[in-house]
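Work through the exercises below with the sequence and the 3D structure in view. Each task is followed by a solution in steps.

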Amino acid sequence: MTVHTSRTRLVGRFLWHYIEMVIAMMLGMLLLDLVRDAVLPEITRIDVNMLITAADMTIGMAVCMRVRRHGWPGIAEMSVAMFAPFLVLLVPYGFGVLPGHLVMSIGHVLMFVLMAAVMLRRREEYVRHRHRLGILRSKWIGRAAVVLAALLIPGAVSAVNTMGKFGDLYEPRPDAVTAEPAPKAADHDPAKPTVALLVNGSGANAADLLGPYEVLAGTGRVNTYVVSARPGPAPLTGGLDVVPDLTFAELARLLGERHDSLDAVVIPALQQPVPAEAGAITTWVRQQSAAGALVVSVCNGARALAATGLLDGRPATSHWTRLPGLRADFRNVQWTSGLRYVDDGNLITTAGVLSGIDGALRIVERLTDVDTARAAAARVHWRHYSPGSAAQIPRSGWAAPDVVAALNASYQVGPSTIGVRLIEGVGELELASAFVSYTEQSMIGRTVAVGDGPVRSRHGLTFIPRSTVAAAADDLDRLLVPGLDAARRHVAGTGPAADTGGLRPEYLHLGEEFAFDPVLRDIARTHDVQTARFTAKTLEYPVMNVQLTGNAWPWPETIVPLALALLGIASAVAAGMVFRRIRAAGRRPEPIDTQEAPTELAPSINRS
């Protein structure tokens, strides 16, 4: 029994030592990364980033080992074990055999394995010798338990809420309802350039798609179609469904009948399609490029474009939050930042979200003329048009105030379900502003398209609501109505009468201005200014001309995690008190039965 207990204690000591070192590694990586980001410029090379990350973790581990009074030979041996996987894997990476993300994943796995191997080699050092470290004392274990409990409850709430909100963004509609698209093909004019904007069955970003669509279709000088590999509604951000105008096959048939060809393809940020559809999209994009079409990606649509191989060896850009992942996965592309778009001949890539408007204006310049592009920018009230060249934009990165995004995603306490009423003739950008801003960009709510049936937008796209207002009213906190025309008809008393389920409709667009301006003001007014600023930052939209008024910070969302942390601390303290009482009760000596003692001792006394 004693041998078994001793072995169990040694194994526990070994495992605890391993966990301690892993925690030290992670802390080293996080803390040193924060310091490096504050004092050094952005590092874009994935191989350099790998080595720096390994160094950060090694430093954290080495500090922990030294505090535990390990010798320098053991620390050096462990450091080599942590660096070795990356040094070895960078060889096949350099020859293009392994992609960057795979090297990173394999390197971390091997690092943990080699750490355990080194510890086993010097197991006497890790299990027999008692390195003095106060954290192993019971009082420190208790304090660590309190800290863990303080983090566990708000962390669990954050995980559940955040995953739920992101999961809803591109959820396909639960029914099989569909509608016929507008018969735009009948008005196809072979004398005009033709542009196809891509969607897929897994979902596309609403602003990436609808912004360029309105710019192009609004000129009246471009045949503009939303296309997909297969028929049926395609989900857009936040519970909005668009009916593609044509499938790939139908577009090919139309162009063949009119003796026409495709002039440009626009790829918005697409959710990962199923393998069969992904293959069809890649093949189709490559075919259009080979046939001479201009291929344009918007925001993270650069990922789908890079997957075709067309960007290899070419300069490109994307959303600032996506560039690190793109650099890791597509290292043959010359990724850059700080520009609205990168025009490289037959390929154009744009920065994030609303930079797609500049990309669309560049298409208009390329396919028609600058005057038409200037008129298109004025039509949608886009103040940042730079004729003939790409405007510069800030090289954004994560900053301390951006924590509002995590607070909103995790601890939203205000209105969280927003109905967006679909009205006939709504502008495409007006529609996008309602579905993107409150959800993916700010995470302050969940939107759902409501209405009495399919509607046609200003330039002929078909959208299908997911519910009627009356049916969804009990689940809605707000009812927003996008569109300046809808607001004007409401004021004039000529708007359609509809059941609002007792909710007061709020008209978002009340004047001639860029469609996202009133939405940002509404976020600032109903939530807080910092969230509105973060929303504009992720939209890559300057807000110097937009007056934002409201609370400075999301205080309710800040108080919630603090309250949950206090609840965790209280729970841990109470559990500790109960545990100590149980342990104390177990250590009390059993009382001696005074009635039986004389009887048992009597024979001994007599014999003496």
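A cavity is a set of points, on a 1 Å grid over the protein atoms alone, where a 1.4 Å probe fits but cannot get out; lining residues have an atom within 4 Å of a point. Grid points are joined across faces, edges and corners, and a volume is the space filled by probe spheres set on the points.

The model is predicted: local features need pLDDT of at least 70, side-chain atom pairs count only at pLDDT 80 or more, and totals for chains, interfaces and linings use all residues. Residues are numbered from 1 along each chain as its sequence is written, and side-chain values use heavy atoms, with hydrogens and water left out.

**Exercise 1. Describe the largest cavity and its lining.**

Step 1. A search of the whole structure finds one cavity of 30 Å³ or more. The largest cavity holds about 70 Å³ of space.

Step 2. Its lining consists of K165, D168, L169, G238, T439, M443, G445, R446 and T447. Helix 6 (138-168) and strand 13 (446-450) are the elements that give two or more residues to this lining; helices (H or I, at least four residues) and strands (E, at least two) are DSSP runs, numbered from the N terminus.

Step 3. Sorted by type, the lining has two nonpolar, four polar and three charged residues. Here Ala, Val, Leu, Ile, Met, Phe, Trp, Tyr, Cys and Pro count as nonpolar, Asp, Glu, Lys and Arg as charged, and the others, Gly among them, as polar.

**Exercise 2. Which residues have the most contacts inside the largest nonpolar core?**

Step 1. A nonpolar core is a set of buried Ala, Val, Leu, Ile, Met, Phe, Trp, Tyr and Cys residues joined through side-chain atoms within 4.5 Å.

Step 2. The largest has 101 residues, and W284, W335, W382 and F463 have the most contacts inside it. Helix 7 (residues 206-218) gives the most to this core, with eight residues.

Step 3. Apart from this core lies another, of 32 residues, including M78, A81, M82 and Y93.

Notes:
1 Å grid on protein atoms, 1.4 Å probe; cavity = no way out; pocket = protein on both sides within 12 Å on 5 of 7 lines; lining within 4 Å. Buried < 20%, exposed > 50% of the residue type's maximum accessible area, 1.4 Å probe, protein only.
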